[in-house]
There are 2 protein chains.
Amino acid sequence: MSGSWRSFGDEPLPVPLAAALSAFSEQGYHGTSIRRIAEKAHLSVPGLYHHYPSKQALLEGLVMTVMQELLDHSGQALEEAGPSAQRRFDHVVECLLRFHMHRRRQAFIASTEIRSMKPEVRDAYIALRDQQQRMLDRIVEQGVAEGVFATAYPQDASRAVTTMCVAVATWFRPDGDLGPDQVVQRYLSLARATVGAESG
Amino acid sequence: MSGSWRSFGDEPLPVPLAAALSAFSEQGYHGTSIRRIAEKAHLSVPGLYHHYPSKQALLEGLVMTVMQELLDHSGQALEEAGPSAQRRFDHVVECLLRFHMHRRRQAFIASTEIRSMKPEVRDAYIALRDQQQRMLDRIVEQGVAEGVFATAYPQDASRAVTTMCVAVATWFRPDGDLGPDQVVQRYLSLARATVGAESG
């Protein structure tokens, strides 16, 4: 299915994770009780524990699900791009942008609750996040090696591009002035300029 | 004192605000008790309330102090830059970068606890943040009008530049591989590229 990496459907989260997402978004991880999550999930507390044995397990399920979704879509985007560094860059940046417009709350929780994760959960989450970052790092390095990107600082540029895509989650609104396609167009232009692309 | 806007001294926070910063950094606003802040401040709870009547007042004091400090330094940086759009841009970006390297925890609390602020506190905080953003917006617009910046999206570029500077707070470490001056050099190069500066 060509281009299916561009689609992020209605949140396909299991009910307990959707309830945890809602509660964490409102009150933060530390401010949320397991009872509150159970209420939102329309489950008893024991019923919730049957699926997820702790609040930490809910946070883990949430951030790992969402990072895995981003990686899956990015991998498809990369595969469809072919060998051109410019095209690979454009596809992965567009994927990051669409993800952060469609998974705003999940992305916010993942990035703001790192301090609330147990060390092994944090390590697993950061490993996936690093994998995503390295995908873009290698593309920028490829582009610099091939002379299509002019930046003197490929790794910093790659991180800066990720950062500007991630931040879209903080202000994008589905009913706002800019639609997703316009955001993609503008931010692709900015991202190309940041790495010193010929088309930037 | 030329260049004094580049210096952010050791945190000059009042003791209760320093204690609140430490506690919020560890457990988040909702996860922090007033008792914990009092302990960290070596004050009794009534002693703490004498200075700040609520946990919300501590959050307000913290974020307003830190935003005002950023605005004061940025204003000085701008004043020293003179009329050139390129120089004004460089000064304000450098100020943003140095602030986010030296005030990492404050910046993190301010950006992650927006949801924990009472409406009037949130409005006051966002007004200061918007003021900082508009300062850079106007510079980028000036540069585009004068033909020294080539971006087709001045406002988006200005926001993207702020974002990449803000994100430095998430990874910069005083004992890391890159010193503050190197970070400034690299990110000034990236920021100029993002707005399509001639020197980018």
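Start with the cover over H8(A). Its buried residues (under 20% relative accessible area, 1.4 Å probe, protein chains only) are in contact (heavy atoms within 4.5 Å) with a cover that includes helix H5 (85-102), helix H6 (104-112), helix H7 (119-145) and helix H9 (180-194) of chain A, together with H8 and H9 of chain B. Helices here are DSSP runs (H or I, at least four residues), numbered from the N terminus.

A word on the source: this is a predicted model, where local features need pLDDT of at least 70, side-chain atom pairs count only at pLDDT 80 or more, and totals for chains, interfaces and linings use all residues. Residues are numbered from 1 along each chain as its sequence is written, chains are lettered from A and ligands numbered from 1 in the order written, and side-chain values use heavy atoms, leaving out hydrogens and water.

Which residues of H8(A) are buried? Among them are A:Asp156, A:Met164 and A:Cys165.

A:Asp156 also forms a salt bridge with B:Arg186. The closest N and O atoms are 2.7 Å apart. The rule is a side-chain nitrogen of Lys or Arg within 4 Å of a carboxyl oxygen of Asp or Glu. Across the interface of chain B and chain A, that rule finds four salt bridges. On the chain B side, H8(B) gives the most, with eight residues.

Now the whole interface. Chain B gives 30 residues to the contact, and chain A gives 30. Together they bury about 2500 Å² (accessible area lost on being put together, 1.4 Å probe, summed over both). Of that, 58% is on carbon and sulfur atoms. In chain B, B:Arg115, B:Tyr153 and B:Leu190 lose the most area to chain A.

Conventions. Buried area = accessible area lost by both parts, 1.4 Å probe. Helix = DSSP H or I, 4+ residues; strand = E, 2+ residues; numbered from the N terminus. Buried < 20%, exposed > 50% of the residue type's maximum accessible area, 1.4 Å probe, protein only.
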